[in-house]
Amino acid sequence: MPVVPRDTAKADRECAKKTIAQAKRVVKGIYDGARSGRPIDAEAATSVAEDISNAVDRNPAMFIDMARLKSKDEYTYLHSVSVCALMVNLARQLALGEPTVRSMGLAGLLHDVGKMSVPDTILNKPGRLNEAEFALIRAHPQQGHAMLEKGEGITQEVLDVSLLHHEKIDGSGYPFGLKGNAISLAARMGAICDVYDALTSDRAYKQGWTPLRTATEMYGWEGHFDRELLFKFFRSIGVVPPGLLVRMRSNRLGIVLPDGAKETRSKVRIFHCALGRAPLTLEDVFLSGSGGSDHIVGEEDPVRWGFDWQALSKKLIAGGALRA
């Protein structure tokens with residue numbers, strides 16, 4: 001991972017801090033206005049989404065980490081800021097065009113505006129929701145879509161993410177039970193970014209999980225997310241579930257270790273040359289959401305490489321060298 005000069009890192013941190021504070025004020029104004037029945041201020045939302053996008057471009061890992069740290073009281077507004085940042089970061093990972101990147105950011109910023117139709121007592125309830133309360137929560141995608149349809153400068157991505165970010169790939173989501181590619185790319189991205197930030201944040205009813213635990217849990221939910229997109233999301237934030245065999249940009253193979261950097265960045269133990277199909281001296285590499293000198297390009301199937309993965313993975317995690 002390239003070393004960021006201390007003065008540059010300090011400037012990036014100040015930029016992120018200032019952008020997050022400003023974005024929180026703007027989002028609060030937009031959401032409170034929506035609660036009062038006022039039209040969505042798309043111009044203000046677009047401006048703050050662009051500020052977030054610029055800050056993410058400057059230092060993705062720092063901005064995303066700082067936006068993730070939020071108190072329970074400010075969750076509603078900073079959750080939207082975080083999802084905006086995650087959407088921008090993922091859109092860049094997917095090499096989408098600049099107008100689409102900006103639209104994805106705006107979609108993340110406004111995805112939960114429909115929750116303004118739900119009383120705070122229900123949104124912040126520490127206990128289990130009853131059937132009537134849950135029905136109100138489940139109505140927020142359609143409520144948000146209706147609010148956004150009335151605004152000017154609202155793109156299709158914004159409408160899709162608002163309406164469909166609770167749909168699941170296997171059709172078990174809501175509000176329509178859509179399956180697979182019937183869910184737009186924007187909505188599939190929104191589902192991942194929304195859940196990731198929700199799980200890593202402190203809420204009124206739970207403590208947030210670490211990024212590594214969150215990635216591991218999300219990876220294990222069959223039928224919930226677009227699996228290929230989910231892995232690309234993990235790459236974009238530098239956190240990948242442990243135990244996976246992965247190929248690096250350098251055409252080396254490695255195993256993702258369970259002990260990352262305080263569970264906020266994953267560590268890969270390199271052990272095999274993919275081109276020469278030969279063992280290598282073990283080398284540990286910390287991942288960076290911004291790429292770094294080497295990064296994961298994809299997951300590999302151990303069977304394809306003739307690895308007895310159950311035995312080999314244990315040996316690699318323990319630090320055992322391989323024989324040539």
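The model is predicted: local features need pLDDT of at least 70, side-chain atom pairs count only at pLDDT 80 or more, and totals for chains, interfaces and linings use all residues. Residues are numbered from 1 along each chain as its sequence is written, and side-chain values use heavy atoms, with hydrogens and water left out.

**A helix pair**

Two packed helices are described by the angle between their axes and the distance between the axes. Here the pair is α2 (residues 42-58) and α4 (residues 75-93). Helices are DSSP runs of H or I with at least four residues, strands are runs of E with at least two, and both are numbered from the N terminus. The axes of α2 and α4 lie 9 Å apart, at an angle of about 55°. Each axis is a line fitted to C-alpha atoms, for helices over the stretch in contact, and angles run from 0 to 180 degrees between N-to-C directions. Angles under 35 degrees count as roughly parallel, over 145 as roughly antiparallel, 65 to 115 as roughly perpendicular and the rest as oblique. So α2 and α4 are oblique to each other.

The crossing of α2 and α4 is right-handed: the near helix is turned clockwise from the far one by less than a right angle.

Which residues meet? From α2 come A49, I52, S53, V56 and D57; from α4 come V81, C84, A85, V88, N89 and R92. Contact means heavy atoms within 4.5 Å. The residues of this contact comprise seven nonpolar, two polar and two charged. Ala, Val, Leu, Ile, Met, Phe, Trp, Tyr, Cys and Pro count as nonpolar, Asp, Glu, Lys and Arg as charged, and the others, Gly among them, as polar.

**A buried serine**

S236 sits in helix α12 (residues 227-237). Its relative accessible area is 2%, so S236 is buried. Buried means under 20%, exposed over 50%, and partly exposed in between (1.4 Å probe, protein chains only). A polar atom of the S236 side chain lies 2.6 Å from the backbone oxygen of F233.

**Backbone spots**

Two residues other than glycine have positive phi values.

Y174 and P175 are joined by a cis peptide bond, with omega about 15°. P175 lies in the loop between α9 (156-164) and α10 (185-200).

Definitions and conventions:
Polar contact = N/O pair within 3.5 Å; in protein donor to acceptor, adjacent residues only side chain to side chain.
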